[in-house]
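Biologist: Could you take me through this structure step by step? I would like to begin with what counts as a contact.

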Amino acid sequence: MMYRAWTEGGALKSVRHDYIDGPNGAVSVPAKVSGATWSTKEDGGHAPRLEVVPTGRSVAHCLLVEGDDHVLTQRKGAPGQPVTCSAQR
């Protein structure tokens, strides 16, 4: 599962992603971000989720891709607002 976040017109303030459904549920991890793009590959579990917060009035985007090219979800936020991508597998 590829998790991808980016912004237009600014930088990423924070990114948080959920992965690997274990006996206690999904693991939610804050990512270390700098600049306007971030991505990682993880086992997405049954309900992968990605929350992206932009700086200032920039526009945040999120994308979840399974395998090489199967897009599960892609969203674009409003200027200055967080955006969340989530899917059920």
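Modeller: Contact here means that heavy atoms lie within 4.5 Å. Please keep in mind that this is a predicted model.

Biologist: Which residues does Trp 38 touch, leaving aside those up to four places away in sequence?

Modeller: Trp 38 touches Tyr 3, Arg 4, Ala 5, Leu 12, Val 15, His 17, Ala 31, Lys 32, Val 33 and Leu 50.

Biologist: And which members of the largest nonpolar core touch the most other members?

Modeller: That core has 16 residues, and Tyr 3, Val 15, Trp 38, Leu 50, Val 52 and Leu 64 touch the most other members. At least two residues each come from β1 (2–8), β2, β5, β6 (59–66) and β8.

Biologist: Let us turn to the strands. In what order do the four strands of the open sheet lie?

Modeller: The order is β3-β2-β5-β8, with antiparallel pairing. At the edges are β3 (25–30) and β8 (83–86), each of which pairs on one side only. On average, neighbouring strands of this sheet are turned by 15 degrees against each other, direction ignored.

Biologist: How many bridges join β2 to β5?

Modeller: Six bridges join strand β2, residues 12–22, to strand β5, residues 49–54, and the two run antiparallel. Leu 12 stands opposite Pro 54 in β5, and Ser 14 has Val 53 of β5 as its bridge partner.

Biologist: A change of topic: how many disulfides does a search of the whole structure find?

Modeller: The search finds one disulfide. The bond joins Cys 62 to Cys 85, with an S to S distance of 2.1 Å. Cys 62 belongs to strand β6 and Cys 85 to strand β8, so the pair, 23 residues apart, links distant parts of the chain.

Biologist: What is the handedness of that link?

Modeller: The link of Cys 62 and Cys 85 is right-handed, with 90 degrees about the S-S bond.

Biologist: Are the two cysteines, Cys 62 and Cys 85, buried or exposed?

Modeller: Cys 62 has a relative accessible area of 0%, and it therefore counts as buried, the limit being under 20%. Cys 85 is also buried, because its relative accessible area is 0%.

Key:
Residues numbered from 1 in each chain as written. Predicted model: local features only at pLDDT ≥ 70, side-chain atom pairs only at ≥ 80, totals over all residues. Heavy atoms only, no water. Pairing = 2+ DSSP bridges. Axes fitted to C-alpha atoms, helices over the stretch in contact; angles between N-to-C directions. Core = buried A, V, L, I, M, F, W, Y, C linked by side-chain atoms within 4.5 Å. Buried < 20%, exposed > 50% of the residue type's maximum accessible area, 1.4 Å probe, protein only. Disulfide = S-S within 2.5 Å.
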